[in-house]
Amino acid sequence: MIRFGVIGTGWRTLHFIRIAAARPDLFTVVGVVTRDVERAKSQFTGYNVPLFGSVDEMLAQKPLYVITSVPWDVNPVMLTQLAGAGVPALSETPPATTIEDMNALYQLVQNGAKIAVAEQFHLQPHHAARLAFIETGKIGTVSQAQYSVGHGYHGISLIRRTLGVMFENATITAHKFDSPVVSSPDRDGDPEHEEITTSTQLIAHMNFGDKLGILDFTGDQYFSYIRGQRILIRGERGEIINDTAVYLQDHTTPIHVTFRREDMGQRGNHQGHHLKGIQVGEQWLYKNPLAPARLTDEEIAIGHAMLKMADYADGGDPFYSLAEACQDRYLDMVTWQAAESGQPITIETQLWAQ
């Protein structure tokens with residue numbers, strides 16, 4: 001049983017609560033800290049979650065770790081407080097917004113604090129399956145990764161993991177492009193009426209010397225009905241394009257495969273509605289660690305991060321370290337600087353990368 005608490009009532013907080021409710025055999029929410037307990041009661045109706053007005057009250061319930069789900073500028077303060085109390089922390093993304101704050105948090109880790117970051121994109125089933133396929137070696141060493149699936153540090157985290165890059169420096173060029181688009185749904189649902197709005201696209205090239213990462217994203221993509229995801233991963237023996245791959249069995253024999261989702265509860269299946277996993281041929285590339293809970297892919301990924309955080313709190317390695325999170329946020333910051341200036345920028349080695 002994984003006992004965790006949450007500080008803050010941000011948009012992500014309900015994700016953590018829903019995941020815990022879907023697998024009560026795995027998770028117990030010891031409490032949520034909020035500035036306004038009475039107001040928060042309506043937000044968590046039906047979940048029977050204890051609400052506290054202070055961090056100390058929640059920590060008295062002895063959580064294994066605490067998740068911070070607070071505004072960006074408040075997050076470093078909360079992480080510092082948890083480090084001082086000796087409590088492992090799972091930080092929302094990003095952990096901080098300035099190099100100074102990131103350096104300060106990293107020094108806490110250097111002094112023994114346990115801080116991991118809740119980056120879930122590489123744990124989303126379809127991305128995790130692609131990364132597992134790369135690990136088989138079938139497409140060889142990856143030299144190029146193009147992702148149009150997530151903004152900033154989310155997309156960059158996928159690029160780094162796909163290329164096998166950790167803290168290597170890169171030269172970044174970036175450009176913005178505005179175009180008209182019919183307004184998309186958002187976190188509050190569908191728009192009330194059709195309206196043409198401006199969509200800002202960011203395209204960035206991250207040249208690591210012998211490896212290239214390309215980030216291409218517009219904010220519309222997360223909810224849009226007409227702007228989809230696009231992925232291209234290239235190695236010397238093959239490539240992955242979205243949900244298909246091709247690789248060479250020998251230099252004259254290409255093998256074409258498809259990433260196949262196995263969803264239960266369809267076509268008369270009686271095992272409940274949930275994702276079982278993803279296969280290529282006879283090989284399972286991914287198995288849902290939260291099955292048979294009925295969760296979205298995003299919630300499965302967040303729940304997987306919560307499981308991995310428990311391992312870290314118990315003495316294991318961080319599944320997505322503070323250092324990695326700082327590097328991805330730093331690359332994100334430089335990408336926007338390059339886009340604004342129109343000039344290439346070469347990143348510098350930071351404290352967490354040493």
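An open sheet of 9 strands, with mixed pairing, has the order β14-β13-β12-β11-β7-β10-β9-β8-β18. Here helices (H or I, at least four residues) and strands (E, at least two) are DSSP runs numbered from the N terminus, and two strands pair if DSSP finds at least two bridges between them. At the edges of this sheet stand β14 (253-258) and β18 (345-346), each of which pairs on one side only.

This is a predicted model, in which local features need pLDDT of at least 70 and side-chain atom pairs count only at pLDDT 80 or more, while totals for chains, interfaces and linings use all residues. Residues are numbered from 1 along each chain as its sequence is written, and side-chain values use heavy atoms, with hydrogens and water left out.

Within the sheet, strand β12 (residues 238-241) and strand β13 (residues 244-250) run antiparallel and are joined by 4 bridges; Ile-240 has Ala-245 in β13 as its bridge partner. Helix α6 (residues 125-135) packs on the sheet and touches β7 (142-148), β11 (230-235), β12, β13 and β14, and its direction makes about 10 degrees with that of β11. Contact means heavy atoms within 4.5 Å, and the angles, which run from 0 to 180 degrees, are taken between N-to-C directions of axes, lines fitted to C-alpha atoms, for helices over the stretch in contact.

A further open sheet, of 6 strands with parallel pairing, has the order β3-β2-β1-β4-β5-β6. Its edges are β3 (51-52) and β6 (115-117), each with a single partner strand, so one side of each is left without a neighbour in the sheet. Strands β4 (residues 65-68) and β5 (residues 89-91) pair in the parallel sense over 3 bridges, and the bridge partner of Ile-67 in β5 is Leu-90. Helix α1 (residues 13-22) packs on this sheet, touching β1 (2-7), β2 (27-33) and β4, at about 150 degrees to the direction of β2.

Most residues other than glycine have a negative phi, and most peptide bonds are trans. The table lists two cis peptide bonds.

| Cis peptide bond | Omega | Loop holding the proline |
|---|---|---|
| Thr-93 and Pro-94 | about -15 degrees | between β5 and α5 (99-110) |
| Ala-291 and Pro-292 | about 10 degrees | between β17 (283-287) and α8 (297-313) |

Asn-242, in the loop between β12 and β13, has a positive phi near 55 degrees. Asn-242 has a relative accessible area of 30% and is therefore partly exposed, since buried means under 20%, exposed over 50% and partly exposed in between (1.4 Å probe, protein chains only).
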